Amino acid sequence: MCVSCVAMLACSSVNAQELDEETQKLLSMSLEDIVNMQVTSVSKRSEKYREAAAAIYVINKEDIRRSGATQIPELLRMVPGMQVAKVGTSRWAVSARGFNSQFVNKLLVLIDGRSVYTPIFSGVYWDAQDVLLEDVERIEVIRGPGATLWGANAVNGVINIITKNAEDAQGSMVTAGVGKQEKAFVGARTGFQIDEEVYAKTYGKFFVRGGGRNLSGVEQNDDWRRGQGGFRADWKKSKSKYTLQGDVYSGTADVSLVTPTLTAPYSQSIEMDEESFGGNVLFKWDQTLDNDSVTSFQAYYDVAQRNGISAGGNQDIHTLDLDFQHALTPYHGNEITWGIGYRNIHGMFDNTELAAFTPDDRYTHLYSMFLQDKITLIPDELFFTIGSKLEHNSHTGFEVQPSARASYLIDEKQTLWAGVSRAVRTPNLFQDDGELAAVGTPVGFVKQVGRRGSDSEELIAYEAGYRIQPRSDVMFDIAVFYNDYTKLANNVTLLTTPVQVTVGNSGSAQVYGSEVAVNWEVTDYWELAGSYSYINIKPDKTFETIVTTDVRTPKQQLNVRSYLDLPYDLELTNLVYYVDEIVNGTVDSYIRFDTNLTWEASDGVELSLIGQNLFDDYNDEFVANFGEIAYENGRTIFGKVRIDF
């Protein structure tokens with residue numbers, strides 16, 4: 001691959017003896033650190049990565065720093081089994097193990113334990129989810145169901161974005177940049193100590209990003225402007241730990257809409273502003289009891305407001321979430337975790353000709369409890385985990401989501417794991433009682449109408465994996481899966497005037513595939529990493545809906561990343577991504593090449609020159625949703641400075 005060629009050429013010019021001790025630092029965590037690092041997303045309690053009985057991938061803070069990415073979805077490109085496609089300046093389609101769509105509805109995303117799910121389409125508005133990337137500790141990504149612990153809609157995967165504790169973010173940091181498309185951005189964070197055990201931090205960021213052109217090559221106004229700020233405080237008292245944090249944001253994106261007309265060419269493009277704004281506050285309390293068990297309580301309140309095309313008008317969503325968890329070890333060899341939760345969502349809508357909800361002021365409730373037991377069958381060698389989530393929601397009533405998993409630590413260098421799970425995706429408001437007008441025709445229009453009594457989509461997932469470290473400097477992580485979906489949402493078309501599309505649940509599909517991740521520490525100053533993914537989706541019948549696409553997923557994906565330390569405090573990072581064509585032929589295969597050259601100009605000062613998508617002037621990665629215009633993504637070059645003090 002090109003990334004390897006560039007790295008080898010650079011490496012051949014470096015004499016290791018000329019590198020001082022500071023330059024010879026490792027590019028990221030050693031493989032030994034990776035094998036033994038603690039992750040929390042698989043079991044909702046800390047466990048070693050090598051013991052985890054799930055397909056998990058961790059993006060650490062060094063990966064984030066060296067990637068040059070400015071948005072969370074761009075970081076997810078490096079994760080095996082993830083499908084990431086940019087639809088426009090402010091819009092992405094992000095999924096795990098298939099069914100990709102801008103309104104993907106089978107992926108759960110968390111930021112510091114706060115779900116950023118929207119009840120409108122059971123997914124994520126990525127333009128409304130942002131963090132200061134320099135403040136992220138790691139991103140844990142689970143491919144496959146996480147419903148036993150995280151609940152409905154954690155069907156195909158869980159993304160858990162974990163930011164730094166305030167104690168680990170002391171001092172101040174400023175970052176800024178300018179360039180093509182990345183027109184301007186600035187971010188700042190300052191951390192300070194309030195008391196002996198009380199730490200706090202505040203941050204703010206703002207950016208302006210430019211647009212591209214549509215698939216016909218016509219320049220489009222696709223600018224995106226967004227600002228966000230927030231705070232976090234962490235403190236300890238005896239055996240208790242507390243966290244209080246919050247964020248506020250506001251953004252505006254220019255989006256174009258295609259609408260029908262009664263005269264040639266029977267359609268027109270209308271440019272509109274899509275606005276999003278909101279905020280959240282979260283409180284968490286962890287208490288270590290005398291028997292070394294741990295209880296935690298988390299509460300957050302989230303307000304998300306949006307108006308524009310994808311909103312179908314004006315949305316105002318208020319979410320209150322309460323969660324209690326208890327982790328204990330009643331006797332040696334049993335690690336029990338249980339918890340209860342409640343979520344209340346209040347949705348208020350200004351109905352328009354494009355979209356309407358009945359009623360337009362609605363409350364939904366979710367009650368949940370889970371129990372999981374990790375049993376040690378052979379100490380330090382064989383583990384069996386069984387558990388289930390029980391939920392009651394306002395759409396379908398009770399849902400049960402069990403799982404059973406096992407991990408076998410063959411030796412210190414090899415782990416074998418397997419699991420079987422049931423997960424559900426509950427109906428969203430569009431399916432339940434929404435009314436959505438789609439692209440019309442000269443003689444009328446098409447309208448999707450929700451159906452009260454819609455069923456949950458169901459998945460039975462079978463997974464297995466193998467991790468091996470054949471040498472101290474090489475590690476492989478392999479996963480295979482087979483997913484059996486039933487009751488998938490599909491269309492039932494009534495040939496009326498206007499044509500009416502009612503949501504049904506008769507779709508089904510079988511999905512299978514494999515994923516391989518590789519890390520190789522070539523030398524003390526050069527590391528290669530990469531992944532390969534294969535997926536095959538076999539729908540039993542067409543189940544595409546207006547807001548949920550069926551098989552718009554590339555069969556094969558490959559990425560290779562090179563992290564190289566050079567003399568004179570230089571770092572060179574190269575990233576190559578290959579993405580296969582979308583199976584229905586609407587998007588061709590493409591190769592994306594990104595690079596990041598960073599110079600540590602002085603202590604605490606970094607200068608970076610970043611290029612993205614350098615192989616093509618423009619390329620398209622996905623198709624537009626109903627009525628929207630898809631954009632080609634252009635070559636991007638920008639400079640960035642970071643100052644720590």
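Thr175 touches Glu134, Phe185, Val186, Gly187, Lys640, Val641 and Arg642, leaving aside residues up to four places away in sequence; a contact here means heavy atoms within 4.5 Å. The residue belongs to strand 10, which covers residues 171–179. Strands (E, at least two residues) and helices (H or I, at least four residues) are DSSP runs numbered from the N terminus. A polar atom of the Thr175 side chain lies 3.2 Å from the backbone oxygen of Val641. A polar contact is a pair of N or O atoms within 3.5 Å; within protein, one must be able to donate a hydrogen and the other to accept it, and residues adjacent in sequence count only if both atoms are side-chain atoms.

The model is predicted: local features need pLDDT of at least 70, side-chain atom pairs count only at pLDDT 80 or more, and totals for chains, interfaces and linings use all residues. Residues are numbered from 1 along each chain as its sequence is written, and side-chain values use heavy atoms, with hydrogens and water left out.

Is Thr175 buried or exposed? Thr175 counts as buried because its relative accessibility is 3%. Buried means under 20% relative accessible area, exposed over 50%, and partly exposed in between (1.4 Å probe, protein chains only). Gly450 is found in the loop between strand 26 (446–449) and strand 27 (457–471). The C-alpha atoms of Gly450 and Asp432 are 4.8 Å apart, while 18 residues separate the two in sequence.

| Residue | Relative accessibility | Class |
|---|---|---|
| Thr175 | 3% | buried |
| Gly450 | 17% | buried |

Two strands pair if DSSP finds at least two bridges between them. Strand 6 (residues 107–111) and strand 9 (residues 157–163) pair in the parallel sense over five bridges. Leu108 stands opposite Val158 in strand 9.

The protein chain holds six helices and 37 strands. It has 645 residues, of which 60% count as buried.

How confident is the predictor? pLDDT is its confidence in each residue, from 0 to 100. The chain has a mean pLDDT of 85, and 84% of its residues reach 70 or more. Over residues 439–444 the pLDDT is below 50, and the model gives this stretch 10 contacts beyond near neighbours in sequence. Where pLDDT is low, the predicted coordinates should not be read in detail.

Conventions: pLDDT is the predictor's confidence in each residue, from 0 to 100.
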